[in-house]
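Keep the structure open while you read.

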Amino acid sequence: MEEIDKKMLKTISDIDGNIEGAYNIRKNGKGIERKVTENVNIVTKTDKQGIDIYVKENTKLEFVHIPVIITESGLTDIVYNDFYIGKNANVVIIAGCGIHNEHHKDSQHDGIHRFFLEEGAKVKYIEKHYGEGTGDGKRILNPITEVYLKDNSNLEMETVQIKGVDSTIRTTKGVIGNNANLVVLEKIMTNGVQYAKTMFEVDLNGENSSTKVTSRSVATENSVQQFESKVTGNAKSFGHVECDAIIKDDAKVIAIPSIIANNVEANLVHEATIGKIAGEQLMKLMTLGLDEKQAEQEIINGFLK
């Protein structure tokens, strides 16, 4: 790998030297490195681009890295990854995509990930997106994530858009079984004329199923963000959706939360807050010696932490 590859891997997946656990590294539409372990097997699909990841039942806290890097301008990479998590397994999956574009053609990655969790399985899924390069070509990322949780399973999903992504449409769908839980924390920052759209759709089908979706975002300059969510309670269940955005300059933020209760014992809540940085917050930090720009950055860093 080149130095630029190593830099991006560090940014999106915290890979620096040796990689703990199983991994599959994809570059410019092709797998370039792979390692499997006793409990985690990675198999190349035969019918389309992508991999199948199998985690054995009762696996005790293993790590799986599946980063993607793109350095070729004009490339559109579509990949289908399926995760099969065995009964009572516990695994951390670290994904993410970094695009380096130095030319005028657009570079794009669309990752379609499906998670199938057996009873009692537990997954923490971390996905980071990052773009860089001085070219005029856009850096486009359109992730699709589907989650299917069987009884007593749990998936915690943390997604971060670091910077440099010109356009993104992020779609997450979940079907939740008995006593199962889906937690999603999203963090996005946009500037310039960047566009980011997020869509969540969760069906709480199981008895005592639950979900908590939290989106925190900062929109600056002339960027546009749109947040849409739909949580449907089809059984005794709990759902909480929260969209919290800071807006600056001439940016635009749209929030469209939706909750549907099809059961008298479905307890569903949605919240949406959009606003500028409060003046008293700035003043407090400026009394400590920061100028206005530094104070704003400190507030934004804390908000997205």
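In which loop does Asn-179 lie? Asn-179 sits in the loop between strand S15 (167-176) and strand S16 (181-190). Helices (H or I, at least four residues) and strands (E, at least two) are DSSP runs, numbered from the N terminus. Before going on, note that this is a predicted model, where local features need pLDDT of at least 70 and side-chain atom pairs count only at pLDDT 80 or more, while totals for chains, interfaces and linings use all residues. Residues are numbered from 1 along each chain as its sequence is written, and side-chain values use heavy atoms, with hydrogens and water left out.

Back to Asn-179: its phi is positive, near 55 degrees, though the residue is not a glycine. With a relative accessible area of 41%, Asn-179 is partly exposed (buried means under 20% relative accessible area, exposed over 50%, partly exposed in between, with a 1.4 Å probe and protein chains only). Asn-152 is another non-glycine with a positive phi, about 65 degrees. You'll find Asn-152 in the loop between strand S13 (144-149) and strand S14 (154-163), and it counts as partly exposed at 47% relative accessibility.

Now for helix H1 (residues 3-13). Its buried residues are Asp-5, Met-8, Leu-9, Ile-12 and Ser-13. Look down the axis of H1 and these fall within an arc of 105 degrees, so they line one face of the helix; the arc is that of the directions from the helix axis to the C-beta atoms. They pack against several strands, including S1 (22-27), S8 (90-94) and S11 (122-132), where contact means heavy atoms within 4.5 Å.

On a 1 Å grid over the protein atoms alone, a cavity is a set of points where a 1.4 Å probe fits but cannot get out, and a pocket is an open set with protein on both sides within 12 Å along at least five of seven lines; lining residues have an atom within 4 Å of a point. Grid points are joined across faces, edges and corners, and a volume is the space filled by probe spheres set on the points.

The largest pocket has a volume of about 210 Å³. Of its 18 lining residues, Asn-24, Arg-26, Gly-31, Arg-34 and Ile-51 are closest to the centre. Strand S2 (30-35) gives the most to this lining, five residues.
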